[in-house]
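Have the structure open beside you as you read along.

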Amino acid sequence: MALDRTEQHLRHVEKDVLIPKIMREKARERCSEQVQDFTKCCKDSGILMVVKCRKENSALKECLTAYYNDPAFYEECKMEYLKEREEFRKTGIPTKKRLQKLPTSM
């Protein structure tokens with residue numbers, strides 16, 4: 001995808017909030033096995049999950065952190081975001097998965 005320099009400029013909120021959000025979503029998908037193991041352990045352990053699920057939690061953290069610290073993964077997510085932003089600017093219609101209700105009280 002060839003974007004000119006003005007279209008590649010990212011605002012602070014895009015760098016620090018929107019792209020990391022895409023990274024979290026994609027990393028969770030790619031670490032789905034560890035997410036499932038941790039979720040199952042938590043459900044099975046109840047209030048003792050803090051003690052009993054350390055191994056599963058460590059495996060999940062390790063998997064997610066590997067993606068968060070990968071510059072190629074960041075670039076992949078950044079390009080996905082820029083593509084969605086360009087499409088929104090052309091059509092004015094946001095990507096369906098980006099639609100979400102904000103909490104009414106903060």
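Entry: Helices here are DSSP runs (H or I, at least four residues), as strands are runs of E with at least two, all numbered from the N terminus.

**Entry: ground rules.** I am reading a predicted model, in which local features need pLDDT of at least 70 and side-chain atom pairs count only at pLDDT 80 or more, while totals for chains, interfaces and linings use all residues. Residues are numbered from 1 along each chain as its sequence is written, and side-chain values use heavy atoms, leaving out hydrogens and water.

**Entry: the overall layout.** I listed six helices and zero strands, so to speak an α-α-α-α-α-α run from the N terminus on. Of the 106 residues in the protein, 24% are buried. I then took the contacts (heavy atoms within 4.5 Å) with a separation of 6 or more, and 73% of them join residues 24 or more positions apart.

**Entry: other salt bridges.** How many salt bridges does a search of the whole structure find? The search returns eight. Side chains of opposite charge can pair when their charged atoms come close. I checked Glu14, which is buried at 1% relative accessibility. Glu14 forms a salt bridge with Arg11, with the closest N and O atoms 3.5 Å apart, and Arg11 is partly exposed at 47%. Glu14 also meets Arg85 in a salt bridge of 3.0 Å, N to O. Since Arg85 lies in helix 6 and Glu14 in helix 2, this pair ties together parts that are 71 residues apart in sequence. Arg85 is buried as well, with a relative accessible area of 8%. I also noted a network of salt bridges that links Lys26, Arg30, Glu76 and Glu80.

**Entry: the nonpolar core.** In soluble globular proteins, nonpolar side chains tend to be buried together. By nonpolar core I mean a set of buried Ala, Val, Leu, Ile, Met, Phe, Trp, Tyr and Cys residues joined through side-chain atoms within 4.5 Å. The largest one has 13 residues, and those with the most contacts inside it include Leu10, Ile19, Leu64 and Phe73. Helix 2 (12–30), helix 5 (54–68) and helix 6 (71–91) each supply at least two residues of this core. I followed Met23, which touches Tyr67, Tyr68, Phe73, Tyr74 and Cys77 when residues up to four places away in sequence are not counted.

**Entry: the aromatic pair.** I counted rings of Phe, Tyr and Trp (its six-membered ring) as a pair if their centres lie within 6.5 Å, with planes under 30 degrees apart called stacked, over 60 edge-to-face and the rest tilted. The count comes to one aromatic pair. Tyr67 and Phe73 make that pair, tilted, with 5.1 Å centre to centre and 55° between the planes. Are its members buried or exposed? Phe73 is buried at 1%, whereas Tyr67 is partly exposed at 23%.

**Entry: out on the surface.** Lys61 lies in helix 5 and is exposed at 52%. Glu29 belongs to helix 2 and is exposed at 59%. From Glu29 to Leu64, I read 9.9 Å, C-alpha to C-alpha, for a pair 35 residues apart in sequence.

Methods. Buried means under 20% relative accessible area, exposed over 50%, partly exposed in between (1.4 Å probe, protein chains only). A salt bridge is a side-chain nitrogen of Lys or Arg within 4 Å of a carboxyl oxygen of Asp or Glu.
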